There are 4 protein chains.
Amino acid sequence: MAKPDGLPAMTYRFLGRSGLQVSSISLGGWLTYGGHVDREGTYACMKAAYDSGVNFFDCAEAYAGGESEIVMGEAIKKYGWNRNDLVISTKIYWGGAFGKNPVNNLGLSRKHIVEGVNASLKRLDLEYVDLIYAHRPDRKTPMEETVRAFNHIIDSGKAFYWGTSEWTGVEIAEAWRVADRLGLIGPLMEQPAYNMLNRAKVEGDYQFLYRQHGLGLTVFSPLYQGILSGKYKNGIPDDSRFAQTEVPFIAGYWKRTGKEAWQEIINRVNKLEPIADRLGVKQAALALAWVLKNDNVSSAITGASSPEQVYENIKALEVVDKLTPEILAEIDDILGNKPPQLNDRE
Amino acid sequence: MAKPDGLPAMTYRFLGRSGLQVSSISLGGWLTYGGHVDREGTYACMKAAYDSGVNFFDCAEAYAGGESEIVMGEAIKKYGWNRNDLVISTKIYWGGAFGKNPVNNLGLSRKHIVEGVNASLKRLDLEYVDLIYAHRPDRKTPMEETVRAFNHIIDSGKAFYWGTSEWTGVEIAEAWRVADRLGLIGPLMEQPAYNMLNRAKVEGDYQFLYRQHGLGLTVFSPLYQGILSGKYKNGIPDDSRFAQTEVPFIAGYWKRTGKEAWQEIINRVNKLEPIADRLGVKQAALALAWVLKNDNVSSAITGASSPEQVYENIKALEVVDKLTPEILAEIDDILGNKPPQLNDRE
Amino acid sequence: MAKPDGLPAMTYRFLGRSGLQVSSISLGGWLTYGGHVDREGTYACMKAAYDSGVNFFDCAEAYAGGESEIVMGEAIKKYGWNRNDLVISTKIYWGGAFGKNPVNNLGLSRKHIVEGVNASLKRLDLEYVDLIYAHRPDRKTPMEETVRAFNHIIDSGKAFYWGTSEWTGVEIAEAWRVADRLGLIGPLMEQPAYNMLNRAKVEGDYQFLYRQHGLGLTVFSPLYQGILSGKYKNGIPDDSRFAQTEVPFIAGYWKRTGKEAWQEIINRVNKLEPIADRLGVKQAALALAWVLKNDNVSSAITGASSPEQVYENIKALEVVDKLTPEILAEIDDILGNKPPQLNDRE
Amino acid sequence: MAKPDGLPAMTYRFLGRSGLQVSSISLGGWLTYGGHVDREGTYACMKAAYDSGVNFFDCAEAYAGGESEIVMGEAIKKYGWNRNDLVISTKIYWGGAFGKNPVNNLGLSRKHIVEGVNASLKRLDLEYVDLIYAHRPDRKTPMEETVRAFNHIIDSGKAFYWGTSEWTGVEIAEAWRVADRLGLIGPLMEQPAYNMLNRAKVEGDYQFLYRQHGLGLTVFSPLYQGILSGKYKNGIPDDSRFAQTEVPFIAGYWKRTGKEAWQEIINRVNKLEPIADRLGVKQAALALAWVLKNDNVSSAITGASSPEQVYENIKALEVVDKLTPEILAEIDDILGNKPPQLNDRE
């Protein structure tokens with residue numbers, strides 16, 4: 001499918017306090033590259049995104065057992081894109097699939113960070129990534145070892161910036177403490193799940209970090225695995241992704257939540273439908289634009305299994321300006337989950 | 001009333017990672033000193049506590065507009081206690097009552113910290129306190145200014161250790177970052193509300209700080225203003241403290257919670273009664289002992305309006321060992337509010 | 001004269017990035033205290049200011065050969081003001097009047113800073129000032145010596161914050177470099193002349209320092225020695241302050257400028273009169289409000305030789321909100337001296 | 001044209017406080033390499049300069065869209081010059097021409113500095129440059145990111161020294177603050193426009209930096225695009241460079257200045273002609289020698305479109321010693337633009 005007429009122009013945002021700019025909508029690898037989308041389909045999605053102005057492509061060593069990185073690297077070469085025009089990321093934590101004795105292919109030891117990054121670069125067939133993330137916190141490894149190792153990755157030219165994913169605010173602040181004491185580079189960005197139904201970290205726990213360190217966010221799951229698109233408004237069909245046991249996060253979600261809580265969520269999401277209708281937009285576009293309305297979000301990482309989905313996501317850019325303070329307040333009332341804000345002085 | 005026979009021996013705990021020991025049960029100033037207990041009554045409570053082994057007496061510049069510090073200082077002199085045997089604290093933040101133009105008698109600027117401590121020491125008639133707390137976070141003042149000022153208080157001999165009260169975990173970590181970078185003394189202890197009904201900060205947000213910094217806790221409100229004693233099990237009488245509008249925190253609580261949520265809390269507390277009965281202890285003692293069962297708690301600060309209450313509180317020490325893992329699990333099930341624990345590696 | 005009805009309420013601003021608040025209009029010592037206003041007149045001015053909400057009183061060791069500090073200290077005691085409610089400053093550089101051999105009573109050596117501050121505190125009869133300024137840069141003394149000495153003044157409890165007066169932006173940045181490298185306290189605020197006719201430093205040279213260090217400004221000469229009040233619109237009377245040879249700054253100004261340039265200035269000031277008329281305010285109030293419209297200004301230091309003048313100055317607070325972007329642009333056009341602004345990226 | 005007899009011997013100056021020596025006259029790339037001079041002409045100019053003792057050749061990624069670097073690299077190889085005998089520079093900031101999505105090919109982010117340097121080295125076909133400059137300040141990127149990136153370039157062997165171009169004094173001092181705090185390499189040199197008509201930065205704003213950091217200067221535009229050669233003394237011919245719209249800096253100048261201001265400049269320049277005549281030198285040589293008379297200037301970067309021009313420029317070396325204090329004072333009087341000098345103590 002060719003790029004449709006009238007697609008809104010991409011916008012770019014600085015990644016936190018840095019001098020790097022990322023497209024406000026980006027493409028993420030969890031489901032896309034080398035996952036349950038075939039190789040040619042992935043190429044097509046990446047091309048549709050690139051042609052629409054997406055410059056940030058997000059990956060991880062753990063996605064599809066390393067296949068995501070391989071396919072992403074192939075697409076870059078296939079289309080001959082200029083490396084300078086791209087912001088490529090990967091994440092290190094679960095490298096377990098790639099060794100016979102996986103005890104050291106896990107976590108944030110210096111050994112796994114260095115070996116993991118080298119293996120990722122080889123799969124991507126790149127000399128460096130722009131962004132390297134710690135895919136989760138590793139509380140067995142001293143913070144100093146981890147901070148030193150990521151600083152080393154940057155010093156050796158294999159990445160430009162490092163960040164975290166799903167760390168607590170305290171852990172990010174601790175990483176900065178170690179970095180500051182040693183004169184090393186601290187974490188620039190965090191990659192949390194963020195959407196209308198998950199606000200505690202981004203709008204609560206991290207609050208103080210934006211002003212202290214200029215923390216940037218590249219958020220995933222803006223549609224909460226599709227729940228916020230409204231597609232489950234009549235309940236979950238048996239053949240949905242939520243029944244696919246090979247998708248552990250979703251399965252885990254299902255287990256954690258339970259059917260009752262699940263119905264409560266669906267009910268709340270359904271109340272957002274009239275707002276989308278009033279604005280004349282799809283519910284998914286409303287949810288994605290809502291994420292981008294948060295100034296601390298540098299990029300919303302979207303998945304896609306077809307170029308159509310890529311273009312659909314990008315259309316959400318048109319919705320951002322429609323979200324007036326009044327509509328945002330109305331949404332807050334429906335969601336009922338806005339975390340308390342820090343007061344400057346009591 | 002004289003010290004009753006059979007009162008359990010006081011226990012002492014190190015205050016976090018420090019070399020200072022505090023009595024696991026301590027006496028706090030919010031209601032006690034110079035509040036709605038009369039002067040002689042306060043003296044008597046302090047003597048009962050001291051005679052029972054309490055060594056830590058907690059105060060604040062804001063308690064009773066400075067009166068609490070005055071009465072506490074008088075009691076120390078009246079009974080001729082050895083200064084070395086005491087751990088005295090106060091807290092700085094709200095000094096607004098003490099000037100015509102209060103703009104600078106508030107918060108954690110260097111000016112107010114220094115002037116506030118000087119005024120507190122004058123009211124206490126002491127040369128130094130053992131512990132000085134920032135009574136709340138002040139997000140208008142840069143963290144560096146606050147950390148430098150508390151370090152200065154310690155350097156100038158006016159306190160031995162400094163800590164925080166009701167800060168977020170991120171803020172405590174940031175204070176440590178600044179202190180570490182500048183080679184200054186970081187915060188040793190935090191004073192949060194902690195009880196069966198309020199566990200998020202102590203068991204959640206602060207988790208990483210115990211192991212990283214040896215953060216110590218001196219917790220207040222172990223009975224949640226008496227709610228956990230079970231005395232409201234049939235509802236709130238009109239003459240209870242919860243109707244006293246001059247107690248802003250409680251009034252605020254009442255307002256924040258609403259009658260429905262309030263009944264839900266009472267119901268949950270009532271379910272704890274059978275456990276207390278089974279152990280043959282009062283419900284208040286169960287609640288207080290439960291707080292002390294948390295190894296990260298260095299001291300539980302209790303209030304008292306009579307020596308009897310002091311002794312009653314101390315009896316809770318006997319209950320601590322009765323709280324087996326099985327009983328704690330049973331309580332967790334009733335409360336349903338245990339925060340997720342940090343995993344070392346996922 | 002009693003405080004007039006309808007005087008606008010004082011506003012307070014944080015001093016740069018600090019947690020200290022100063023009244024947006026303050027009283028300065030150059031002409032007022034112990035200068036050509038008599039002692040009782042000075043007391044009256046200070047009382048009028050204090051009663052109007054002024055909390056910041058500015059002085060210097062050099063003002064009236066030390067007499068200004070003496071009179072200011074007397075007023076504080078005479079009226080029994082609470083020290084906490086006041087922000088008192090002095091400045092060190094020219095202490096030459098106080099010794100027989102003045103070679104070391106000048107500049108920013110450690111010797112003169114420490115001896116100068118001690119002498120100032122004695123004259124003020126205070127234990128500390130809130131703010132201590134380097135009254136000018138001293139390029140004979142190494143920056144490290146000066147920064148260490150001011151840090152020492154704060155460490156020894158004789159001041160809370162230190163700053164500079166009429167330093168270049170490069171010198172302030174150099175002071176921060178030394179402070180940062182050594183972990184010492186850097187300069188918080190600068191005291192430049194700032195008014196409609198002198199904008200180069202405040203709006204030009206210092207631009208980058210506001211965002212980098214949260215530099216605060218306490219500006220003097222908001223009316224440019226009365227020129228901006230329009231009182232010289234028909235030329236300079238022979239008995240004006242500009243003929244008083246004992247006021248060296250003014251004499252110097254006269255000499256530096258020359259009659260022709262002087263007339264050119266008068267012409268420009270006269271063009272502001274219609275704007276003041278249109279707003280229905282005095283020209284002096286327009287000029288003072290214009291200074292306060294700059295968010296980087298924490299306080300405008302005014303002089304006064306009578307309570308009436310104090311009240312007159314405070315009335316300028318009402319004018320601040322009347323200065324719309326359109327009017328400010330009109331003023332810029334008349335003045336023609338707005339410095340080029342820093343661009344973020346070219 | 002062969003090197004003429006009697007050409008003065010080149011002189012060499014240390015680049016600021018460093019141990020590196022550059023020829024006091026150097027050749028710059030803005031107009032020369034790959035610009036409107038053809039390839040063979042550029043080779044010839046470089047050879048003439050090299051044969052006359054010029055060792056410093058200045059370039060930038062932005063000159064002629066990268067072509068300048070390519071031609072300069074070709075000349076070095078063509079003539080087989082020893083790399084050790086050369087001081088080669090380039091500058092990073094505007095790399096926008098080299099990608100489809102230029103958002104990250106601009107400014108001083110770590111990404112663009114690293115990618116920009118790599119691309120420049122490839123075009124130059126060199127392993128390293130001697131000097132790498134930040135071609136402008138980038139106020140969107142934190143100073144720490146920029147300083148770390150240039151330090152990284154030096155650490156990875158791709159340059160020996162780094163500096164700035166057209167930064168303010170405050171920004172250079174801030175770069176040093178960051179470098180000093182982190183133990184990194186600070187900026188050694190600045191490349192400003194400097195000539196008889198533009199003295200504010202070099203003789204004013206930077207004053208304090210020479211003594212503090214030993215800042216070195218490699219100045220461009222010593223003849224102010226030929227204006228100071230006197231060639232426009234009768235007005236501007238239609239075919240002069242000032243009419244060429246494809247030279248944006250000049251066009252910009254023309255637009256910024258206006259015809260009146262332009263004539264005022266010409267008049268002032270014409271007053272310098274008698275001085276040149278009296279000394280028996282060309283006006284251009286006088287202007288260039290005047291720049292070299294400033295001891296803070298390490299090298300004056302000249303352009304040339306033919307070997308003759310190269311030799312002509314070098315003859316200015318003979319004029320330097322003829323500029324006695326009396327003549328310099330006479331020039332100052334004509335120019336009327338000498339910035340106020342810093343006094344050591346007031």
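Which residue in β7(A) stands opposite A:Y133?

A: In β7(A), the residue opposite A:Y133 is A:G163. This is a predicted model, in which local features need pLDDT of at least 70, side-chain atom pairs count only at pLDDT 80 or more, and totals for chains, interfaces and linings use all residues. Residues are numbered from 1 along each chain as its sequence is written, while chains are lettered from A and ligands numbered from 1 in the order in which they are written.

Start with the two strands. β6(A) spans residues 129–134 and β7(A) spans 159–164. They pair in the parallel sense over five bridges (pairing needs at least two DSSP bridges; strands are E runs of at least two residues, helices H or I runs of at least four, numbered from the N terminus). Both strands belong to a closed barrel of eight strands in chain A. Its order is β3-β4-β5-β6-β7-β8-β9-β10, with parallel pairing.

A helix covers this pair. α5 of chain A, residues 143–155, lies across β6 and β7 of chain A. It runs at about 155° to β7(A) (angles run from 0 to 180 degrees between N-to-C directions, with axes fitted to C-alpha atoms, for helices over the stretch in contact).

Now take α5 in chain B, also residues 143–155, with its partner α6(B), residues 169–182. Their axes come within 9 Å and cross at roughly 70°. α5(B) is therefore roughly perpendicular to α6(B) (65 to 115 degrees; under 35 is roughly parallel, over 145 roughly antiparallel, the rest oblique). B:M143, B:E144 and B:V147 on α5(B) meet B:E174, B:A175, B:V178 and B:A179 on α6(B) (contact puts C-beta atoms, placed from the backbone, within 7 Å). By class, that contact has five nonpolar, no polar and two charged residues (Ala, Val, Leu, Ile, Met, Phe, Trp, Tyr, Cys and Pro are nonpolar; Asp, Glu, Lys and Arg charged; the others, Gly among them, polar).

Next, the contact between chains A and B. Chain A gives 25 residues and chain B gives 24. On the chain A side, α6 (169–182) and α8 (207–213) are the elements with two or more residues. The largest share, nine residues, is from α6(A). The chain A side holds seven nonpolar, five polar and 13 charged residues.

Chains C and D also meet. Here 24 residues of chain D touch 25 of chain C. On the chain D side, α5 (169–182) and α7 (207–213) each supply two or more residues. α5(D) brings the largest share, nine residues. That side counts seven nonpolar, four polar and 13 charged residues.

Finally, the symmetry. A 180° rotation with 0.0 Å of shift along its axis superposes chain D on chain C, at RMSD 0.1 Å (least squares on C-alpha atoms of residues with pLDDT of at least 70 in both). The two copies are thus related as by a two-fold rotation axis. The same surface serves both, as 100% of the contact residues of chain D recur in chain C.

Note on methods. Contact = placed C-beta atoms within 7 Å.
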